[in-house]
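Subject: Model handover and findings

Hello,

Here is the model we talked about. Please open it next to this note; the findings follow below.

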Amino acid sequence: MSTSLIQQLARIESALSANLDLKSRTLYLFGEIDGDMSKRAVISLAILDEVNGDINIVINSSGGSDEQGLAIYDAIMKLKNNVIIYGTGCVQSMAAAIFQAGDTRILSKHARFMI
């Protein structure tokens, strides 16, 4: 295996375990919005906001806890950097509210968006 392929695989593994890809400045919010997701998202957003540049969020969630979702929403709203949110799969309930926090919102062609 080439070194670049090994590096790419390590990057993918890191992004899967942390829901965060620092190189592309992308946070992934997939699944139920709960305390663990909220904690990871708020911390990740704070880290990404330390450096100037667009912050990307990809969301695919049918929703979850209102309190935890509002913590993510508030964290997004206080960021100084531009936030681009991509909705894919399903963006429902609290995930739809989080989606609205982005400066730029892009919904994929076949995504299901329900409030």
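Does Phe-30 count as buried, partly exposed or exposed, and at what relative accessibility? Phe-30 counts as partly exposed, at 46% relative accessibility. The cut-offs are under 20% relative accessible area for buried, over 50% for exposed, and partly exposed in between, with a 1.4 Å probe and protein chains only.

Ground rules next. This is a predicted model, in which local features need pLDDT of at least 70 and side-chain atom pairs count only at pLDDT 80 or more, while totals for chains, interfaces and linings use all residues. Residues are numbered from 1 along each chain as its sequence is written, and side-chain values use heavy atoms, with hydrogens and water left out.

Aromatic pairs

The structure holds two aromatic pairs. In one of them, the ring centres of Tyr-28 and Phe-30 are 6.2 Å apart and the planes stand at 80 degrees, so this pair is edge-to-face. Rings of Phe, Tyr and Trp (its six-membered ring) pair if their centres lie within 6.5 Å; planes under 30 degrees apart are stacked, over 60 edge-to-face, and the rest tilted. Tyr-28 is partly exposed, at 29% relative accessible area.

Salt bridges

A search of the whole structure finds two salt bridges. The criterion is a side-chain nitrogen of Lys or Arg within 4 Å of a carboxyl oxygen of Asp or Glu. Asp-36 pairs with Lys-39, with the closest N and O atoms 4.0 Å apart. Both residues lie in helix α2 (residues 35-48), three residues apart, about one turn of the helix. Helices (H or I, at least four residues) and strands (E, at least two) are DSSP runs, numbered from the N terminus.

Asp-36 also bridges to Arg-40, at 3.4 Å from N to O. These two are four residues apart in α2, so about one helical turn separates them. Shared partners join Asp-36, Lys-39 and Arg-40 into one network. As for accessibility, Asp-36 is partly exposed at 40%. Arg-40 is partly exposed as well, with a relative accessible area of 34%.

Helix α2

α2 has 14 residues. Its first and last C-alpha atoms are 20 Å apart, close to the 20 Å expected at 1.5 Å a residue. The expected span is 1.5 Å times one less than the number of residues. Its buried residues are Met-37, Ser-38, Ala-41, Ser-44, Leu-45 and Leu-48. They cover an arc of only 140 degrees around the axis, which puts them on the same side of α2. The arc is taken over the directions from the helix axis to the C-beta atoms. These buried residues pack against β1, β2, β3 and α3.

Ser-38 is worth a click. It is buried, with a relative accessible area of 3%. Leaving aside neighbours within four places in sequence, Ser-38 is in contact with Gln-68, Ala-71 and Ile-72. Contact means heavy atoms within 4.5 Å.

Helix α3

The 12 residues of α3 should span 16 Å at 1.5 Å a residue, and the end C-alpha atoms are 16 Å apart, which agrees. Gly-69, Ile-72, Ala-75 and Ile-76 are the buried residues of α3. Their arc is only 120 degrees around the axis, which puts them on the same side of α3. They pack against β2, α2, β3, β4 and α4.

Nonpolar core

The largest nonpolar core has 24 residues. Such a core is a set of buried Ala, Val, Leu, Ile, Met, Phe, Trp, Tyr and Cys residues joined through side-chain atoms within 4.5 Å. Those with the most contacts inside it are Leu-29, Leu-45, Ile-57, Ile-59, Ile-72, Ile-76 and Ile-98. Two or more residues each come from β2 (26-30), α2, β3 (55-61), α3 (66-77), β4 (83-92) and α4 (94-99). α4 gives the most, with five residues. Not counting residues up to four places away in sequence, Leu-29 touches a list that includes Met-37, Ala-41, Ile-72 and Ile-98.

Arg-25 is not a glycine, yet has a positive phi of about 55 degrees. Arg-25 lies in the loop between β1 (20-21) and β2, and counts as buried at 15% relative accessibility. Ser-93 also has a positive phi of about 55 degrees without being a glycine. Ser-93 sits in the loop between β4 and α4, and is partly exposed at 40%.

Best wishes
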